[in-house]
Structures are given as structure tokens and as C-alpha cells.
Amino acid sequence: MARGYARGRAKDEAARAALVPLAPGERPLAVTVAFVVAVVALGANLVALVLNFGDGNGRQTSYTIVGCVLLAMMAWGMWRARYWAVLGMQALLAISVLLAALALTTAVNAAAGLFSAAIVVGAGALFWFLVKAMARIQMPERPGARSDR
């Protein structure tokens, strides 16, 4: 069993050694695609807010405004290739995949099923590609963290 763990650790170390950190100003393609997705979602939410989609209560409007602010912050952070923004986008994608998969189980027609499946596949693929991008961005060291590890 220890031999298996050693083999796994060796593979992990090889994968880490193969990663090339981002050059200054560089942004991985997956992060750029995620930025575009965030901007499109922000635009859709703003249009919904302006056209007053929904039931018209104040709580829904405030939730939409909070969502717009979060999407704008996330888009800005991804444009600057920030780890926290990519992590936030991955959380949003994971929630989207889960909700679309649940919607897929109750789809009432083929169009609804195809729409839900497209969200699962698209958001899942983007999530997957963002994993390697996050590894390249690499989380910054915490203040006071030991650098000898």
C-alpha cells in the first residue's frame, strides 16, 4: 500500500513540475472563456433587471443586484487572472451543473431536456478546463507562510 502512495506522490510531483506558471499579463484560454461567460451572464441579469422580469418583489430585485455585483467582480478578477475569481467561477459552474442535472430529471419535453443537458456539458467542460488554469495561476502564498515547504 505504501508503494502505491509513493507512486501517486511521484505522479503528483511530475505533474506539478510540468506546470508552467503564467507569464506577467498572460491569461489561459479557459479563463478568457470563463470571463466571457461571466460577462454574458452579467448582461443577461442586467437586462432582466431593467425589463423587470420576475414577480416584481423587492427581494428578487435585490438578489439580482447582488448577483450582478458578484458577476462583475468575478469578471474583473478573471480578466486579471486572479485565483479567487477563477475559484468563484468554478463554484458557480458547479452549482449550475447540479441544478441543470436536477432539472434534467424533471424535463417535461425534449427541448427542456436538451437545454439542461447542454448546460451540464458546457458548464462541466469549462469547470474541467479551469482546474489546470487554476494550477497555473497558483494560489498566492499567505502572509507569514513558510516558504521552505
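This briefing describes the helices, the surface and a few side-chain contacts of one protein model. The model is predicted, so local features need pLDDT of at least 70 and side-chain atom pairs count only at pLDDT 80 or more, while totals for chains, interfaces and linings use all residues. Residues are numbered from 1 along each chain as its sequence is written, and side-chain values use heavy atoms, with hydrogens and water left out. The protein has five helices and zero strands; helices (H or I, at least four residues) and strands (E, at least two) are DSSP runs, numbered from the N terminus.

**Overall make-up**

- Along the sequence the pattern reads α-α-α-α-α.
- Of the 149 residues, 20% count as buried, where buried means under 20% relative accessible area, exposed means over 50%, and partly exposed lies in between (1.4 Å probe, protein chains only).
- Among contacts (heavy atoms within 4.5 Å) between residues at least 6 apart in sequence, 68% join residues at least 24 apart.

**Helix 5**

- Helix 5 covers residues 110-137, and at 1.5 Å a residue its 28 residues should span 40 Å, which agrees with the 40 Å between its end C-alpha atoms; the expected span is 1.5 Å times one less than the number of residues.
- At the start of helix 5, a side-chain oxygen of Asn109 comes to within 3.3 Å of the backbone nitrogen of Ala111.
- After helix 5 comes Gln138, which has a positive phi, near 60 degrees.
- The buried residues of helix 5 are Gly113, Ser116, Ala123, Leu126, Leu130, Ala133, Met134, Arg136 and Ile137.
- These buried residues pack against helix 2 (29-50) and helix 4 (83-105).
- An α-helix has 3.6 residues a turn, so residues three or four places apart point the same way.

**The salt bridge**

- The structure holds one salt bridge, defined as a side-chain nitrogen of Lys or Arg within 4 Å of a carboxyl oxygen of Asp or Glu.
- Arg136 and Glu26 form this salt bridge, and their closest N and O atoms are 3.1 Å apart.
- Arg136 belongs to helix 5 and Glu26 to the loop between helix 1 (2-18) and helix 2, so the pair ties together parts that are 110 residues apart in sequence.
- Arg136 counts as buried because its relative accessibility is 18%, whereas Glu26, at 31%, counts as partly exposed.
- Leaving aside residues up to four places away in sequence, Arg136 touches Leu19, Val20, Pro21, Leu22, Glu26 and Pro28.

**Helix 3 and the surface**

- The protein exposes about 10600 Å², of which carbon and sulfur atoms supply 69%; accessible areas come from the Shrake-Rupley method with a 1.4 Å probe, and for residues only the protein chains shown count as cover.
- Ile65, Val66, Val69, Leu70, Met73, Trp76 and Trp84 make a nonpolar surface patch of about 700 Å².
- Patches consist of residues with over 30% relative accessible area and no salt bridge, with like charges joined within 9 Å and nonpolar side chains (Val, Leu, Ile, Met, Phe, Trp, Tyr) within 5 Å.
- Helix 3 (residues 58-79) supplies the largest share of the nonpolar patch, six residues.
- Leu70 lies in helix 3 and is partly exposed, with a relative accessible area of 46%.
- Thr64 is also in helix 3, but counts as buried at 19% relative accessibility.
- The side chain of Thr64 reaches the backbone oxygen of Gln60 at 2.9 Å.
- Not counting residues up to four places away in sequence, Thr64 touches Asn45 and Leu49.

Key
A polar contact is a pair of N or O atoms within 3.5 Å; within protein, one must be able to donate a hydrogen and the other to accept it, and residues adjacent in sequence count only if both atoms are side-chain atoms.
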